[in-house]
Amino acid sequence: AIVAAVLAGSVALLGFGLDSGIEAMASIIVIWRLTGTRLASATSERRAQQLVAVSFFLLAPYIAVEAVRALAAGDRAETSIAGLILTAGTAVFEPALGLAKRRIGARLGSAATAGEGTQNLLCAYLAMAVFAGLAANTLLGAWWLDGVVALGISAWAVVEGQRAWAGRSCGCAPRPGAPC
């Protein structure tokens, strides 16, 4: 996605590609959280929540700045068949993965795991928005949608980062002793 974004000059597709990398990092954080003595550690859970939140915060400013720059300069993304295929595939398969991780996170009382599932859902919604922007640009010449979609991605990343930081990303009701 990153290579396709650079070739097409698409900020939204770049945001999608970078989010995929951040999502992979969040998966590694959750694996770390669920191994060894950290499995029963509230301190490890909180640290994992914060690391997942930071992964959201890493994406937002870069994409926002690039989107504003592209919109102000009138940069027009080119058609990206690879980008259209990648985003369509992600939009189809990622929601099931995200929902499964959120359910597992709720069962484990792990907001970090649920937050990582939320990242998968964010990736799916992001893929849908990027696909729509790429398709509209290709079919209708709506070049500005790329920057608008990228700004939406940036804003959503901040909101989800705040939710993950607060431990509210799993959507589960708090239970005594449970971190979410």
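## Helix 2 against helix 4

Helix 2 and helix 4 pass each other in a left-handed crossing. In this predicted model, their axes come within 12 Å and cross at roughly 30°. Helix 2 covers residues 11–33, and helix 4 covers residues 81–108.

## Helix 4 against helix 5

Helix 4 also packs on helix 5, with an angle of about 160° between them and their axes 7 Å apart. Angles over 145 degrees count as roughly antiparallel, and helix 4 and helix 5 are therefore roughly antiparallel to each other. This crossing of helix 4 and helix 5 is left-handed.

## Helix 3 against helix 5

Helix 5, which runs through residues 111–140, packs with helix 3 as well: the angle is about 20° and the axes are 8 Å apart. That angle makes helix 3 roughly parallel to helix 5. Helix 3 passes helix 5 in a left-handed crossing.

Here is who meets whom. Helix 3 brings Glu 45, Ala 48, Gln 49, Val 52, Ser 55 and Phe 56 to this contact. From helix 5 come Ala 111, Ala 112, Gly 115, Glu 116, Gln 119 and Leu 122.

## A salt bridge within helix 3

The structure holds three salt bridges. One of them joins the side chains of Glu 66 and Arg 69, with 3.2 Å from N to O. Both residues lie in helix 3, and because they are three residues apart there, about one helical turn separates Glu 66 from Arg 69.

Met 25, Val 54, Phe 57, Leu 58, Val 158 and Trp 165 make a nonpolar surface patch of about 470 Å². Two elements give two or more residues to this patch: helix 3 (42–73) and helix 6 (144–166).

Which helix gives the largest share of the nonpolar patch? Helix 3 does, with three residues. Leu 58 is a patch member with its place in helix 3.

## Helix 3 in review

Definitions and conventions: Residues numbered from 1 in each chain as written. Predicted model: local features only at pLDDT ≥ 70, side-chain atom pairs only at ≥ 80, totals over all residues. Heavy atoms only, no water. Patch = residues over 30% accessible without salt bridge, like charges linked within 9 Å, V, L, I, M, F, W, Y side chains within 5 Å. Areas by Shrake-Rupley, 256 points an atom, 1.4 Å probe, with all protein chains shown as cover. Salt bridge = Lys/Arg side-chain N within 4 Å of Asp/Glu carboxyl O. Helix = DSSP H or I, 4+ residues; strand = E, 2+ residues; numbered from the N terminus. Axes fitted to C-alpha atoms, helices over the stretch in contact; angles between N-to-C directions. Parallel < 35°, antiparallel > 145°, perpendicular 65-115°, else oblique. Left-handed = near helix turned anticlockwise from the far one by under 90°. Contact = heavy atoms within 4.5 Å.
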